Amino acid sequence: GRYGLTPDEPAPRSLDAVGHKHGVTRERIRQVENDALDALSSVLAQSCLKPVQNVFVSFLRRHAGVADASDLVPLRRRAELAGFNPPAVLNLLCDLRGVPVTRRGNSFLLLDSALATRCEQRLHSVLHSLKKPQSIDEMAEQIAPLLPSVPNEARQAIVRRLLEDIPHVCATEDGRYFLFSRGAACLLADILRRHADPLHFRRMTREFNTAVRPDHRRGIGHVL
């Protein structure tokens, strides 16, 4: 299947792979998938799926609104899931209308898709306007009006995960975030202020990359 709902299925499978297995085109598989998702989004189907949805919503609430796919695996023992693969089931639910869970990368957030997008836009706007690295506390405060009923701990966890998917956002080792084009200069200025003498550009680049997380490090041509 497309989602890998059973434990022995690979997940997810591409449209091409499913089409090849059944001897039809990827476009035909897309049509069948869209029809199935529309059917599963109906009022009747949503009513039947509500117990399954509630399992995941309750789980996410206990985990500050964010969980990785691997965190969900123990839910397979729940009777509501009938032995199906929990990450795959939630992946499917996220593609239905009206489900208050959003997928970002390999994680799931207790937000509907439209609200998650508004939060991402707000975070990007803040980082663009402030031009300096911001802590998770500061960023969580910025989206508090969008998530008024969400506890601060959960809001921080959601912000941290959303920031991971916003293009060109860098994270420092001490947990601050910035847009590379706007906040890198401020981080470089902080590095220079810690030294009485001018720094060679190679050392400056090395210290910049020491300050940011390994997956956000850049070459000399990008840093300077």
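1. Basis. The model is predicted, so local features are given only at pLDDT of at least 70 and side-chain atom pairs count only at pLDDT 80 or more, while totals for chains, interfaces and linings use all residues. Residues are numbered from 1 along each chain as its sequence is written, and side-chain values use heavy atoms, with hydrogens and water left out.

2. First sheet. Strands β1, β3 and β2 form an open sheet in that order, with antiparallel pairing. Helices (H or I, at least four residues) and strands (E, at least two) are DSSP runs, numbered from the N terminus. Two strands pair if DSSP finds at least two bridges between them. β1 (66–68) and β2 (102–104) stand at the edges with a single partner strand each, so one side of each has no neighbour in the sheet. On average, neighbouring strands here are turned by 25 degrees against each other, direction ignored. Axes are lines fitted to C-alpha atoms, for helices over the stretch in contact, and angles run from 0 to 180 degrees between N-to-C directions.

3. β2 and β3 run antiparallel and are joined by 3 bridges. Arg 103 has Phe 108 in β3 as its bridge partner. Helix α7 packs on this sheet and touches β1, β2 and β3, its direction making about 130 degrees with that of β3. Contact means heavy atoms within 4.5 Å.

4. Ser 107. Where does Ser 107 sit? Ser 107 is in strand β3, residues 107–109. Its relative accessibility is 3%, so Ser 107 counts as buried. Buried means under 20% relative accessible area, exposed over 50%, and partly exposed in between (1.4 Å probe, protein chains only). Leaving aside residues up to four places away in sequence, Ser 107 touches Ala 67, Asp 68, Thr 102 and Arg 161.

5. Polar contacts of Ser 107. The side chain of Ser 107 is in polar contact with the side chain of Asp 68 at 2.5 Å, and with that of Arg 161 at 2.9 Å. A polar contact is a pair of N or O atoms within 3.5 Å; within protein, one must be able to donate a hydrogen and the other to accept it, and residues adjacent in sequence count only if both atoms are side-chain atoms.

6. Arg 161. Which residue forms a salt bridge with Arg 161? The partner is Asp 165, with the closest N and O atoms 3.6 Å apart. A salt bridge is a side-chain nitrogen of Lys or Arg within 4 Å of a carboxyl oxygen of Asp or Glu. Both residues lie in helix α7 (residues 152–165), 4 residues apart, about one turn of the helix. Arg 161 counts as buried at 14% relative accessibility, whereas Asp 165 is partly exposed at 33%.

7. Other salt bridges. The structure holds 12 salt bridges. One of them joins the side chains of Asp 95 and Arg 103 (3.3 Å, N to O). Asp 95 is partly exposed at 33% relative accessibility, and Arg 103 is partly exposed at 31%. Another links Asp 215 to Arg 213, the closest N and O atoms being 3.0 Å apart. Through shared partners, salt bridges join Glu 164, Arg 213 and Asp 215 into one network.

8. β5 pairs with β6 (residues 176–179) in the antiparallel sense over 3 bridges, and Val 169 has Leu 179 in β6 as its bridge partner.

9. Helix α1. Leu 15, Val 18 and Gly 19 are buried in helix α1 (residues 15–22). Seen down the helix axis, the buried residues fall within an arc of 100 degrees, so they line one face of α1. The arc is that of the directions from the helix axis to the C-beta atoms. These buried residues pack against α2 (26–40). The face turned away from the buried side carries the exposed residues His 20 and Lys 21. Just after α1, Gly 23 takes a positive phi of about 70 degrees.
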